[in-house]
Amino acid sequence: MKQEPLLIMKDISKSFGAVQALMKVNLELYSGEVLALLGENGAGKSTLMNILSGGVPSYQGDIEISGERAHIHSPMDARQAGVAKIHQELQLVPELSVAENIYIGREPCTKLGFIDRRRMNLLAKQYLDLLDLHVEPDLPVKRLRIGEQQLVEIAKALSLHAKVLIMDEPTSALSRTETRTLFHIINKIAAEGVSIIYITHRMEEIFELTHRVTVLRDGAAIGTVHTASTNHDELVGMMAGRSITELYPSREAYIGREILRVEHLHFNPPPHTNKRKLQDISLHLHRGEVLGIAGLLGSGRSELFECIYGLHTNHSKARMYIDGVRVQMKKPRDAIRRGISFVTEDRKGQGLVLGRSIGENMSLPLLRAFSKMTFMLRKVEAGHWQEQMDSLKIKAPSYHEIVGHLSGGNQQKVILGRWLLVKPQILLLDEPTRGIDVGAKSEIYQVINKLAANGLGIIVISSDLPEVIGLSDRILTFCEGRLTGEFTQQEATQEKLLSAATRREEVNSRVESTDLHEFGFTGTRRDSNLE
Amino acid sequence: MNSDLQVQEETVIWNKSIRFLRRFQSLFGLLIIILAATILCTRDGENLFLSPANLANVVRSVSENGIMAIGLTLVILIGGIDLSVGAILGLAATGAADLMMHRSMGMFETILIVLAIGAALGMFNGVVSTKLRIQPFIVTLAAMSIARGVARYWSNGTGIPISYGQDAFLAPPAFSMLSSRIWGIPVPAICFIGLGILFTIMLKYTRFGRHVYAIGGNETAAHLSGISVIRIKIFIFALCGVLAAIAGLIHASQLSQGSPNDGIGYELNAIAAAAIGGTNLAGGKGTIIGTLIGALILGVLDNMLGLLNVNTNIQSIVKGLIIIAAVYLQKQK
């Protein structure tokens, strides 16, 4: 690329109190380029991007866009400079229509000052068409799937004539198919001359999508490389400052006797919930075994865990056996008592009390055991807390630290610590590594392996296929509330899992089946870098 | 290099003292208001504010609001709100007066029945808001109307004066104890401080406290951890009702009457006390100590403005502005 960069960030520094978040970071972005911004949690990616999108009012350094000095100190400045950010948590108003969301705050008006809906819908439609999103502009956003909502955010950015689009882990809530669609769109808008800064933890996405990679570590830019001339190990090395030779440590699986058996599980979700119906699911799990469940988001994977955990007793029926004994779970307490621990997918929404300490969060299921005559036994608790802090290598000054101040990886370890404290027999892990950095991921994998070696039965849900394959002894695939396949670790490949996880009884949607042909099998070859 | 270090050290000390000030800012707020009252309220060289009689008066008047505010703090901590406490106070006062004066009840039966009424109304709030999933704001608004209605129906809409004596249709003199003093300290103040200490300990050191903060911080996480969220919520609403009823008993004893119009608007004062004390209305954050200080700030303020003979309407305006300023400062933490 010989042309002048579209965006130059020069010597950007920022400190929060005593913490130096960024130190003289330089970043260049060319027009029509997809640049990956890579780094562990806390490396400074978010701060850098917040500066660019106007979320940080004061910092040192210069920003130039199209050769002109850009003074970006507020979101409004950023918008005027042509920078738009697609947030990790989408910022749409669920009750408003697609078009209303795109034009929120700048609705086209008639002469009388009323909103000109017809014109607004027409304008919105142009952008939706450009993004191959075939929904009516007057449809409320809450009726769209999460992937579609993301496209609406992109449409909004395009309608603002954004030249630089920042995307912060856009695929973390997307299914495989939706990810394909998104990548297709990203390539398309990049071809139109929009430049994209793409933040992700997923290595395979970098190789699939981006032209160059800039790596940050501890607030400094370590370097920028062309994606075509680098590889997985080099990037991980740059990111961590060390090389993680084996992400998925191998282990001798010692499969013991059966610990959990679920027969003919049916689940009929009550109306007005976004839950998936489950049909006739039977599975079994042995001591010392890691059972992987692969399936798209919304395929009913989480509902399966919820049913096992006793959350839907009024709407589900099943025969369940633990250690060969027929059991019935009516509420979470029953499940906990029978040795089942459930680490939910959404750690902030369902897992943690963010405003309280690490210790208090760990004690939640054990308040009864840790108290006498309602008074908490602080010393007893603290001993257990310290034990988990040490064995899980939780990085925090002490167990009194507020959980909300920790990084994603450490938060996940706190939840894991909580559920290990109850000394479970069966561990249900729903997306245990979503949105956490490679270092923490690898540590969590080691913990899972160690627990399996100690004789626990573990079921892991993940939409990260290399992860499922790397971790599990046996893998079940899930599609639309049914089990569609079973593989041993040796048999399993990404292609096989993906096709089983998208095997439907009838073809529901033409679009999705063509998607599979177009993208499903071509993109995955790059993933072999991982193994 | 050396001066750099010195500068750094100075900023550290500066930061530390700022943090210290922030941490105890509501306490400092209280001190400032007390100081202002001490300086401003003097007449003929005599300090009106610091006179023992006046101070006792302040604590006494703070007590009712404070006791209700403790209950509200608990409810707000679990992400709820209770607008019915003022009405429950009125119902409790009316009920107590009627039971003793017209139904020849003894003191203990009266207190028990009144507390039971408070608990029942609180439980109503809890059950309806959790089981029928109606927002506490609406449920307790309805309960406010219901409690007022019951009180008016009960007493035919008039206040019932309480006079003491040994006759069947006179209140037992022991009931007046609630407005008397022990060792010079007004009994309501003792109740208020005692309950404050009790609930501070409960929140800090017991399972109950952990439940409250867990539910307020993340209800789903609490539920998944095997905590009986609904049962605890109902219990806390019931507790709030009982505390409002206690305030009602004190109110009746102090005024020597029970009227169905007692306690109108008191819920707002109680909410204000909790908010000034740093309780987050979204739930999960707040302490009883904070609420006690909040109640004291409001009480001293009222007293000061009264001593200064400020027009009551102006008092109301000043109070409103102070509430906003205090809560804004709390938010900066």
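**Reading the model, feature by feature**

Tutor: Begin where the chains meet. There are two salt bridges between chain B and chain A. Keep in mind that this is a predicted model.

Student: Which residues form a salt bridge with each other, and how far apart are the closest N and O atoms?

Tutor: One pair is Glu360(A) with Arg210(B). Their closest N and O atoms are 4.0 Å apart.

Student: How many residue pairs are in polar contact between chain B and chain A?

Tutor: The count is 11, with both residues of each pair at pLDDT 80 or more.

Student: Now the sheets. What is the order of the strands in the open sheet of chain A?

Tutor: To read a sheet, follow the pairing from strand to strand. Here four strands of chain A run in the order 12-11-14-15, with antiparallel pairing. Strand 12 and strand 15 (325-327) of chain A are the edges, as each pairs on one side only. From one strand to the next, the twist averages 15°.

Student: What packs on this sheet?

Tutor: Helix 9 (residues 301-308) of chain A does. It touches strand 11 (258-267), strand 12 and strand 14 of chain A. The direction of this helix makes about 110° with that of strand 11 of chain A.

Student: How many bridges join strand 14 of chain A to strand 15 of chain A?

Tutor: Three bridges join them, and the two strands run antiparallel. Strand 14 covers residues 316-322. For one facing pair, find Tyr321(A), which stands opposite Arg326(A) in strand 15 of chain A.

Student: Is strand 19 of chain A mostly covered or mostly open?

Tutor: It is mostly covered: five of its five residues, 426-430, are buried. Ile426(A), Leu428(A) and Asp430(A) point one way, while Leu427(A) and Leu429(A) point the other way.

Student: In which sense does strand 19 of chain A pair with strand 16 and with strand 20 of chain A?

Tutor: With strand 16 (residues 340-343) of chain A, the sense is parallel, over four bridges. Ile340(A) has Ile426(A) as its bridge partner. With strand 20 (residues 457-462) of chain A, the pairing is also parallel, over five bridges. There, Asp430(A) stands opposite Ile461(A).

Student: And backbone angles? What should I look for?

Tutor: Most residues other than glycine have a negative phi. Asp280(A) has a positive phi, near 45°. This residue lies in strand 12 (residues 278-286) of chain A.

Student: Why does Asp280(A) count as partly exposed?

Tutor: Because its relative accessibility is 41%.

Student: Where is Lys393(A) placed?

Tutor: Lys393(A) sits in the loop between helix 13 (378-391) and helix 14 (408-421) of chain A. Its phi is positive too, near 55°.

Terms used
Residues are numbered from 1 along each chain as its sequence is written. Chains are lettered from A and ligands numbered from 1 in the order in which they are written. This is a predicted model: local features need pLDDT of at least 70, side-chain atom pairs count only at pLDDT 80 or more; totals for chains, interfaces and linings use all residues. Side-chain values use heavy atoms; hydrogens and water are left out. Buried means under 20% relative accessible area, exposed over 50%, partly exposed in between (1.4 Å probe, protein chains only). Two strands pair if DSSP finds at least two bridges between them. Axes are lines fitted to C-alpha atoms, for helices over the stretch in contact, and angles run from 0 to 180 degrees between N-to-C directions. Contact means heavy atoms within 4.5 Å. A salt bridge is a side-chain nitrogen of Lys or Arg within 4 Å of a carboxyl oxygen of Asp or Glu. A polar contact is a pair of N or O atoms within 3.5 Å; within protein, one must be able to donate a hydrogen and the other to accept it, and residues adjacent in sequence count only if both atoms are side-chain atoms.
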